[in-house]
Amino acid sequence: GGWVLLQNCHLGLDFMDELLDTLLTAEIQNDTFRVWITTEQHPKFPITLLQIAIKFTNEPPQGIRAGLKRTFSGISQDMLNVSNLPMWKPLLYTVAFLHSTVQERRKFGPLGWNIPYEFNSADFTASVQFIQNHLKKINIKKGISWNTVRYMIGEVQYGGRVTDDYDKRLLNCFARVWFTENMFDSAFCFYTGYKIPVCKTLEQYFDYIQLLPAMDTPEVFGLHPNADITYQKNTSADVLDTITNIQPKESVGGSGETRESVVYRLAEDMLEKLPPDLIPHEARLLSVKAHLVKMGALNSMNIFLRQEIDRMQKVITVVRTSLNDLKLAIEGTIVMSEASKNLRDALDNMYDARIPQVWRRVSWESSTLGFWFTDLLDRNAQLSSWIFQGRPKVFWITGFFNPQGFLTAMKQEATRAHKDWALDKVAVHNEVLKQTREEIVSPPSEGVYIYGLYLEGAGWDKRRSILIESTPKILFVQLPVLHMFA
């Protein structure tokens with residue numbers, strides 16, 4: 001009749017099968033017997049055990065109101081009355097507000113934090129304990145040492161988890177703006193409508209928190225309103241992805257095309273458009289070699305070009321082979337057995353307009369199969385024109401496998417042009433031009449022109465050539481041509 005609690009079961013997956021057998025075969029006399037198990041998500045967790053269980057998930061509360069409620073439910077009235085100083089309660093509320101803010105920014109992905117950190121209630125408790133100790137020791141005439149408070153919160157308690165320099169800067173910015181003498185001013189607010197309440201009891205705090213909006217705008221967390229569009233877009237994409245993943249994969253009877261015939265037609269269409277091999281037969285290979293030699297075989301840019309050609313060739317070969325195999329498998333010439341997991345995966349993914357895993361491994365990320373294939377054709381076109389028509393005036397930098405390698409090659413080229421320069425003393429600089437790619441008529445005297453970069457989370461003022469705030473509802477802005485030089 002007791003309860004059994006097994007924790008961290010994702011670490012003992014072998015035992016889970018045994019547990020399932022025990023539960024199904026044992027004759028349990030007492031109705032009050034329960035088995036509780038806690039686990040993280042794991043792809044190999046026995047699905048049958050999950051199906052017979054009642055599942056609870058512990059999610060952090062969504063929004064400032066829910067976050068503050070949860071934080072204050074862990075605070076007692078004694079803790080509120082622990083200090084008679086007027087600074088204590090506003091400081092406590094501000095730490096709670098900061099705690100909710102850092103948690104809530106996680107949902108915005110890389111716009112919120114570059115790295116998603118696991119902030120938890122221990123950070124809050126430690127910060128509150130520090131402030132309590134600090135207030136006990138301060139000299140009333142001198143007041144609070146704000147530098148100490150900011151350092152302890154931004155660098156130690158919350159900052160101790162933060163590993164990225166920009167994230168550290170952001171956290172210190174919150175500490176600098178919120179933890180000052182101004183916070184005791186009646187006009188102070190975190191954002192319009194989010195003030196520090198003057199309350200004596202927990203009940204009054206809960207009443208005030210209840211009046212906060214149920215949905216917060218991203219500006220409360222110091223983000224642009226566009227961040228919310230990105231969040232909603234990503235959430236809906238996740239939901240639709242999940243729905244696609246759990247669709248039945250087998251063909252069903254009835255009119256209309258089968259999955260196989262749809263994919264067969266798609267494979268034929270792609271094979272038709274697929275560019276010829278960059279390094280096929282000897283004749284073509286010699287032609288490529290001749291062009292490279294003519295351009296200067298040991299020139300750093302041409303070494304980079306050869307590496308790009310090799311990688312591109314690998315992608316074209318993989319795509320061609322798997323499309324041909326897929327056609328043969330659909331026709332029934334070869335068996336689509338369990339061994340050929342890649343073919344099964346290609347069939348499923350192509351039907352859902354996604355990129356097959358075996359292609360993604362040797363190539364680049366893209367949102368849909370259509371975009372990916374267009375990218376393949378464009379990348380190939382850039383490399384082919386570079387080999388046979390000479391060096392482009394403007395390079396599409398996002399069309400390279402290794403853009404950093406391209407910039408390094410440009411740096412080496414500049415170093416060789418100036419005999420007295422040492423490579424490790426050379427730095428890459430850039431200048432954003434006012435022209436678009438079509439308006440460029442000749443390459444620069446030194447360095448390279450590049451295009452294909454986008455800004456997220458900012459706008460671009462072409463006239464003054466500076467960053468500006470994003471325009472509402474425009475998430476990405478294309479940058480004009482950049483002149484990269486060393």
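A crossing is called left-handed if the near helix is turned anticlockwise from the far one by less than a right angle, and right-handed if clockwise. Helices (H or I, at least four residues) and strands (E, at least two) are DSSP runs, numbered from the N terminus. This is a predicted model, in which local features need pLDDT of at least 70 and side-chain atom pairs count only at pLDDT 80 or more, while totals for chains, interfaces and linings use all residues. Residues are numbered from 1 along each chain as its sequence is written, and side-chain values use heavy atoms, with hydrogens and water left out.

**View 1. Helix 3 packs with helix 5.** Helix 3 (residues 64-73) and helix 5 meet at an angle of about 125°, with their axes 9 Å apart; axes are lines fitted to C-alpha atoms, for helices over the stretch in contact, and angles run from 0 to 180 degrees between N-to-C directions. That angle makes helix 3 oblique to helix 5, since angles under 35 degrees count as roughly parallel, over 145 as roughly antiparallel, 65 to 115 as roughly perpendicular and the rest as oblique. The crossing of helix 3 and helix 5 is right-handed. Ile64, Gly67, Leu68, Thr71 and Phe72 of helix 3 make the contact (heavy atoms within 4.5 Å) with Tyr93, Ala96, Phe97, His99, Ser100 and Thr101 of helix 5. By class, these residues divide into six nonpolar, five polar and no charged, where Ala, Val, Leu, Ile, Met, Phe, Trp, Tyr, Cys and Pro count as nonpolar, Asp, Glu, Lys and Arg as charged, and the others, Gly among them, as polar.

**View 2. Helix 5 packs with helix 8.** Helix 5 (residues 88-104) and helix 8 (residues 165-178) pack at an angle of about 150°, and their axes are 12 Å apart. Helix 5 is therefore roughly antiparallel to helix 8, and the crossing of helix 5 and helix 8 is right-handed. Thr94, Phe97, Leu98, Thr101 and Val102 of helix 5 make the contact with Leu171, Phe174 and Trp178 of helix 8. The contact of helix 5 with helix 8 has six nonpolar, two polar and no charged residues.

**View 3. Confidence is lowest in helix 12 and highest in strand 7.** The protein chain averages a pLDDT (the predictor's confidence in each residue, from 0 to 100) of 90, and 94% of the residues score at least 70. The mean is 58 in helix 12 (residues 282-295) and 96 in strand 7 (residues 448-451). Where pLDDT is low, the predicted coordinates should not be read in detail.
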